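Here is a short note for someone opening this entry for the first time. Please keep the structure in view while reading.

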Amino acid sequence: MPITQYNLSVPTEDLRMTKMISQEIRLLLTDSTNLRNTPFVDFIGSINGMGSDTIRVRKAGLDGFDAFSAFTGATEDSAVNATSLTDGFVDVVCKRNSLAYEITDLASMTGLNQGDIDPFRIAESIANSYEALFANITGAAVAGFTTTKGSTGADLTIAVFLSAIQHLEKADSGKGAPGPYVALLHPKQWADLQDNILAQTTGILQFVAASYEAISAKGSHYKGNFMGVEIYTSSYITDDATDHAGALFAAGALGFATGMPSPVGANEAMEMGEVSIEMDRDSVKAITSVVGHAYLGMSIIDDFRGVTLISAI
Amino acid sequence: MTQQTTNVLPARPNHPFYYKWHPTNWQFVYRDVEQTTGKKTATVKKGFFVPHLRMERVMPGVNGIHQISGELGNPGSRIGQLQQQGWIYLDPQKYDYMHVYPVRGGRYHVPKWMQIKVVANRMIENMDLNAFQLWSINLLRSNILGNPEPHFWQLATHELERSRELEILIKQQHLPEKKAQLDELRGKVKDMKDFVARYNKQGLDIYEDFTQ
């Protein structure tokens, strides 16, 4: 009788195994590309030591907001009326976000090699989840622009995209929002736009697809440049059960604030980017807890600098 | 692992929401209405400007929403800010448009016009857009949204009439399918203008056909 793999592994798995786990752990799909390190989202500040969980962004109409008006006095020495200053504010509220895992010593120690699932790999994963959190909050914030372009239940088209650009160029009674512009679209919206670009019979509107270098620098969800607008996709774009609410906006439209806790009394604490990670032991159960906290908030800072793009889900 | 029970939807929890409306936000939609001429009744397509109600999720940390606990937020200051900007806030408690379902790890909030079916552990959602739009028209007719300002309809008409889309189609009208698209778009512009003209004569009674 020949020696076979089957005989060696069944039923006792003594000389051969029925299956071996791979050395490498392949990652499941994630969507964590965001606009944090781009000029399109402003960092408003940190709430650390500020006396509040909210940062109030002050706005004032200066440096050309008010124009000189023609002198209307009766004579050359008539008094001119004082102009009142236009002002406003926006609040950016930071919220606590947490992510925690627990792992037993046995699960950790039986890991195959460095990089397998252990408390340190989990801590790294939590730090990377911050990027997904940022994308999530951005996706929710951009649905709030007052102006919308697009029709309920209809696909996103070049015409709608162009209309949004033109709206920004004449925003706030023709003053115009200075570029560059960025579009943050749901993948479905991006697919609609791609279809519409391909259907064009004129070659005037050129789409510049993202190069390998651009994707490396800007993230996997950077899609390219169309009509001078940088396009990113995000699965965190929200919908109202009928339409996706992506957006096209200029720098200065959105702002975010952060906070970084300094845990006191933690067994082991690490600052990993904007995330504070601490480890805790439940020694009687041989369990290590890995807990991450991040404080983040985002608001529309200038409503005139953005347009919500709606299209069918 | 816990066994999923049949009364829990296979979805992730989402945030509660409210509807808001800004007087500049309109959609032009078509509706089949019955028109009687003499003894004959025919069904014709009529266009209407319908308030475009916008859904805003109450997500702590976003647009000034304070965190109460976990993912539960207090939108009080956000609503105040919206009202300052001219938005009309539609309180979900008062207008009762939100349905809440239990899901693993939280709750799932949807508009009441959303029909939900679960087939093979997959959730199929279907929004009854007609009913939703009818509700928004009823809000308009009951003066909850205030009187509409036809200026914004004229702006929308003007924008479509001078749109790049129309210009491109004019240049491509030798192609039958492009000609059909052009005719459709021109028809829409005409219907928008007709609607504004009829509104100026009839006022809000113009929506009687919509609510038939």
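This is a predicted model: local features need pLDDT of at least 70, side-chain atom pairs count only at pLDDT 80 or more; totals for chains, interfaces and linings use all residues.

The points below take up a helix pair and then a set of strands.

1. Helix α5 (residues 164–171) of chain B packs against helix α6 (residues 176–202) of chain B: their axes come within 9 Å. They cross at roughly 140°. Angles over 145 degrees count as roughly antiparallel, and α5(B) and α6(B) are therefore oblique to each other. The crossing of α5(B) and α6(B) is left-handed.

2. Who touches whom. From α5(B), the contact residues are B:E165, B:L166, B:L169 and B:I170. They meet B:K178, B:Q181, B:L182, B:L185 and B:R186 of α6(B). By type, the residues of this contact are five nonpolar, three charged and one polar.

3. First hairpin in chain A. Strand β12 (residues 268–272) of chain A runs antiparallel to strand β13 (residues 275–282) of chain A, with five bridges joining them. One place to look is A:M270, whose bridge partner in β13(A) is A:I277. Two residues lie between the strands of this hairpin, where A:G273 has a positive phi near 65°.

4. Next hairpin in chain A. β13(A) is also joined by seven bridges to strand β14 (residues 287–300) of chain A, again in an antiparallel arrangement. Here A:R281 has A:T288 in β14(A) as its bridge partner. How many residues lie between β13(A) and β14(A) in their hairpin? There are four, and A:A286 in the turn takes a positive phi of about 60°.

5. Taking the strands together. β13(A) pairs with β12(A) and with β14(A).

Notes
Residues are numbered from 1 along each chain as its sequence is written. Chains are lettered from A and ligands numbered from 1 in the order in which they are written. Side-chain values use heavy atoms; hydrogens and water are left out. Axes are lines fitted to C-alpha atoms, for helices over the stretch in contact, and angles run from 0 to 180 degrees between N-to-C directions. Angles under 35 degrees count as roughly parallel, over 145 as roughly antiparallel, 65 to 115 as roughly perpendicular and the rest as oblique. A crossing is left-handed if the near helix is turned anticlockwise from the far one by less than a right angle, and right-handed if clockwise. Contact means heavy atoms within 4.5 Å. Ala, Val, Leu, Ile, Met, Phe, Trp, Tyr, Cys and Pro count as nonpolar, Asp, Glu, Lys and Arg as charged, and the others, Gly among them, as polar. Two strands pair if DSSP finds at least two bridges between them.
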